[in-house]
Amino acid sequence: MSTCIYPGSFDPLTIGHLDIIRRASTLFDEVVVAVLHNSQKRCTYTPQQRVEFIEACVGDMPGVRAIHFEGLLVEAARQQGAEVILRGLRMEADYASEAQTAEINHRISGGLETLFLPTRPAFTCVSSSIVRELLYYGVSVAGLVPGAILDRVVAAYQRPAR
Ligand code: PNS
């Protein structure tokens, strides 16, 4: 049984994330989509909302499940029995910091590897931060977040204080 963990903030899930999950589900028996805390970010949606958004979109993918974990990614991986960390790479500029994090995770876990999947060209302009920026200005995010969660993502959006 091969298991990967696909970690992120998912604030909120985008069609780019969902494409990575779908492709990962063809490569691994189990894909654990892990909503984790990024200490560099303040999230708009609660961890529970972010997990619910993911669950609403992966029902047709056997072997895919979503979790929320408060702690280190490598600890979540250990608890879930994941042999591999999976990250999507949207652009070249992401590579340096992702490679650094992969190396740290390898060291502190005693050998856990990170695999990178390149984002499909159609999705390179899609990110959670772009989605939130458009929501802030009241612009439609249809086509950027999965249709199954579009209404919920819009309804649950809270404009941050300026
Ligand atoms: O979607 P993001 O914000 O790029 O995801 C980053 C995330 C949440 C995967 C990363 O911040 C993370 O792994 N957080 C958990 C704490 C941890 O393990 N940090 C890495 C040690 S260097």
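Modeller: By class, the shell around the ligand holds 5 nonpolar, 6 polar and 2 charged residues, where Ala, Val, Leu, Ile, Met, Phe, Trp, Tyr, Cys and Pro count as nonpolar, Asp, Glu, Lys and Arg as charged, and the others, Gly among them, as polar. This is a predicted model, in which local features need pLDDT of at least 70 and side-chain atom pairs count only at pLDDT 80 or more, while totals for chains, interfaces and linings use all residues. Residues are numbered from 1 along each chain as its sequence is written, and side-chain values use heavy atoms, with hydrogens and water left out.

Of the 13 residues around the ligand, those that come nearest are S9, H37, N38, K41 and L73, a residue being near a molecule if one of its heavy atoms lies within 4 Å of it. A polar side-chain atom of S9 lies 2.5 Å from an oxygen atom of the ligand, a backbone N or O atom of L73 lies 2.8 Å from a ligand oxygen atom, and an N or O atom in the side chain of R87 is 3.0 Å from an oxygen atom of the ligand. Taken alone, the ligand exposes 550 Å², of which the protein buries 74%, with accessible areas taken from the Shrake-Rupley method with a 1.4 Å probe.

Notes:
Polar contact = N/O pair within 3.5 Å; in protein donor to acceptor, adjacent residues only side chain to side chain.
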